[in-house]
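Here are a few quick notes on the fold, for when you have the viewer open. Have a look and see if you read it the way I do.

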Amino acid sequence: MLRTPGTLVVWPDNGIRVSAVLCLGLCLLTFAGCGGNRRSLFGGDSTVTTRIDPDANRNNPIALALVVVYDKKLLERLLAMPAREWFARRDQIRKDYPEDEGFVSWEWEWVPGQEVPPQKLEFGVGARGGLVFADYVAEGDHRARFDPHQNVLIHLQKDGFTAEAAP
């Protein structure tokens, strides 16, 4: 290629770079415009708000575990697991999935009527689902699924609890 002063040289791969950048930008705009969730793409954080009734768990302390799962098979396994089994087997599950490989979890124990400040939880890319396990004295699974890419409100009541998306 002969170059004269003042001539703009466009290398053949510049067109490819520009196309790639435009394509990436278009994909990101499409993702954002279709209600895509930035947290699911890049990881992120969720705020967990917990309300505890004065007679929660029949006036007994409540152990609570919040689990964000990355591994699809583990999520299926945990969706079939009652809270009592989670609390009995959690140490072995941590050994089976070391160093937050398949999941991350947070655990607390609260008393009925306790006021709990909102908890901000951070997690990585690829979260497939979230579960809350609550160790109640009443019979039941005491497990709830939630979307970790949304904030969650947990309401601990006398014989059970709810977990729902929060603003």
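Predicted model: local features only at pLDDT ≥ 70, side-chain atom pairs only at ≥ 80, totals over all residues.

1. The piece I looked at is an open sheet of four strands, in the order E3-E2-E5-E6, with antiparallel pairing. Its edges are E3 (103–110) and E6, each of which pairs on one side only. From one strand to the next, the twist averages 15°.

2. Two helices pack on this sheet. H3 (residues 72–79) touches E2 (62–69), E3, E5 and E6, and its direction makes about 30° with that of E5. H4 (residues 83–96) touches E2, E3 and E5, and its direction makes about 130° with that of E3.

3. Now for the E6 end. E5 (residues 129–135) and E6 run antiparallel and are joined by four bridges.

4. Which side chains of E6 are buried? Along this strand (residues 143–146) they alternate: Ala-144 and Phe-146 point to one face and are buried.

Notes
Residues numbered from 1 in each chain as written. Heavy atoms only, no water. Buried < 20%, exposed > 50% of the residue type's maximum accessible area, 1.4 Å probe, protein only. Pairing = 2+ DSSP bridges. Axes fitted to C-alpha atoms, helices over the stretch in contact; angles between N-to-C directions. Contact = heavy atoms within 4.5 Å.
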